[in-house]
Amino acid sequence: MSSLVDILNQRLTTAREQNLFRELRRVDSAPGRQLRSGGRAFLNFSANDYLGLAGYPALKEAAIQAVEKFGAGAGASRLISGSLAPFHELEEALAAFKRTEAALTFATGYAAALGAITALAGRDDILILDKLVHACIVDAARLSGAKLRIFAHNDLEDLEDKLRWAEINRPAGASVLVITEGIFSMDGDAAPLREIVELKNRYDAWLMVDEAHATGILGKNGRGLADELGVSREIEVQMGTLGKALGASGGYICGSRALIDYLVNRARSFIFSTAPVPAAAAAAAAGIRLAQSPEGGQRRRKLFDRINQFVSGLKEAGQTAMHPAGAIVPLILGRENLALTAAARLRDQGIYVPAIRYPTVARGAARLRFTFSADHTAGDVGELVKALETLELK
Ligand SMILES: *Cc1c(COP(=O)(O)O)cnc(C)c1O
């Protein structure tokens, strides 16, 4: 038998040959519009810190105070050694923010998806997923053992087909859960939530929406896309992360009191995992307060000014980008090496943008993924557009 190291090296060589090898790039600076790496400064268009809160004084201060009061670590899972006050304060803030009865937080958004989906769906149940949902939802769906059906991205007719199939094939007492996202993480477009709500009601299914990229930036006070479209109350399971626009770390599920009590009892990624650090909860609560404040409103306006500036700049440069629903603008280049080369050329010009490749997106759909922050200046975006004009993106 070959050694583990030999086998892994063979696989890594294959990944390199296919331009799919990934490596970590060390960064030596705090989050913000710029980052320092390898002794150089880059303009940063790669973060999901859309409101620029990760390095914002009020969030840092909240984290520091929580460390002083509650220490560096939580010590155990929340059901074992008591549930620290900062988590309760955060969950009350989240439920009020999302206007749901209750909320539960997890160590990450990934853990929230894993815990909630496997708690809600078992072998007899049916999960219907948009083709482009995040990997954590795909992994959770597989782990649940439920029957899976995938509908073409944002395709209501195909979703209805799958709901019809489920209506005929669901065993008595089995449930059907449709899962989609608010804003899609790699394409930047929005789900037609009103129509999806109408369909799931018609076919007696439940709906879960992952608002990882919409929370904080869309809807009144940043409540998200479901709020903006007025369908928040019709969505049984609202999920998201505290690690993107809200500037901290962690994942959440918002919904009915019954849902949250059930997850406390059944969500294995919640039950069998040490509580996150209290500082993360305190920072996230400060992020939610900030998102709802006048400062949050100003930051959202600034963010959308920058996004609009970029999209018009791209058009002038002869590039076609889909008009984004949020702060993610993909520029699809196709072959993996094209995206890698473009990202490297941009780095040469002091601009940091990720080349997104398989398995994050389909093979041959590699892209540059630009994300924006309220901290970017008009000059930053101007520099980015100018750098793109010098690349031959074909
Ligand atoms: C980032 C992301 C997650 C995972 O959240 P984390 O808190 O980073 O684990 C889940 N869903 C979507 C759509 C995401 O983009």
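In this predicted model, N221 is found in the loop that lies between strand β7, residues 206-210, and helix α8, residues 225-228. The backbone at N221 has a phi near 55 degrees, which is a positive value in a residue other than glycine. Most residues other than glycine have a negative phi, and most peptide bonds are trans.

The place of N154 is in the loop between strand β5, residues 147-151, and helix α6, residues 156-169. Another backbone feature to look for is the peptide bond from Y358 to P359, which is cis, with omega near 5 degrees. P359 itself sits in the loop between β12, residues 355-356, and β13.

From the backbone we can turn to the charged side chains. Side chains of opposite charge can pair when their charged atoms come close. The structure holds 15 salt bridges, and a few of them can be followed one at a time. One of them joins the side chains of R223 and D227, with a distance of 3.9 Å from N to O. R223 has a relative accessible area of 11% and is therefore buried, and D227, at 16% relative accessibility, counts as buried too.

The salt bridge between the side chains of D28 and R26, at 2.8 Å from N to O, has other surroundings. Here R26 is exposed, with a relative accessible area of 64%, while D28 counts as partly exposed at 46% relative accessibility. Elsewhere in the chain, salt bridges link E160, D161, R164, E198 and R202 in a network.

A further salt bridge is formed by R299 with D375, whose closest N and O atoms are 3.4 Å apart. This pair links distant parts of the chain, since R299 belongs to helix α12 and D375 to the loop between β13, residues 366-371, and α14, the two residues being 76 residues apart. R299 is buried, with a relative accessible area of 12%, whereas D375, at 28% relative accessibility, counts as partly exposed.

Two packed helices are described by the angle between their axes and the distance between the axes. Helix α12 covers residues 294-316 and helix α14 covers residues 378-390, and the two pack at an angle of about 25 degrees, with their axes 10 Å apart. Because angles under 35 degrees count as roughly parallel, α12 and α14 are described as roughly parallel to each other. The crossing in which α12 passes α14 is right-handed.

Which residues in α12 and α14 meet? On the side of α12 they are R306, Q309, F310, G313 and L314, and on the side of α14 they are A378, V381, G382, L384, V385 and L388. Sorted by class, this contact of α12 with α14 has 7 nonpolar, 3 polar and 1 charged residues.

Conventions: Residues are numbered from 1 along each chain as its sequence is written. This is a predicted model: local features need pLDDT of at least 70, side-chain atom pairs count only at pLDDT 80 or more; totals for chains, interfaces and linings use all residues. Side-chain values use heavy atoms; hydrogens and water are left out. Axes are lines fitted to C-alpha atoms, for helices over the stretch in contact, and angles run from 0 to 180 degrees between N-to-C directions. Helices (H or I, at least four residues) and strands (E, at least two) are DSSP runs, numbered from the N terminus. Angles under 35 degrees count as roughly parallel, over 145 as roughly antiparallel, 65 to 115 as roughly perpendicular and the rest as oblique. A crossing is left-handed if the near helix is turned anticlockwise from the far one by less than a right angle, and right-handed if clockwise. Contact means heavy atoms within 4.5 Å. Ala, Val, Leu, Ile, Met, Phe, Trp, Tyr, Cys and Pro count as nonpolar, Asp, Glu, Lys and Arg as charged, and the others, Gly among them, as polar. A salt bridge is a side-chain nitrogen of Lys or Arg within 4 Å of a carboxyl oxygen of Asp or Glu. Buried means under 20% relative accessible area, exposed over 50%, partly exposed in between (1.4 Å probe, protein chains only).
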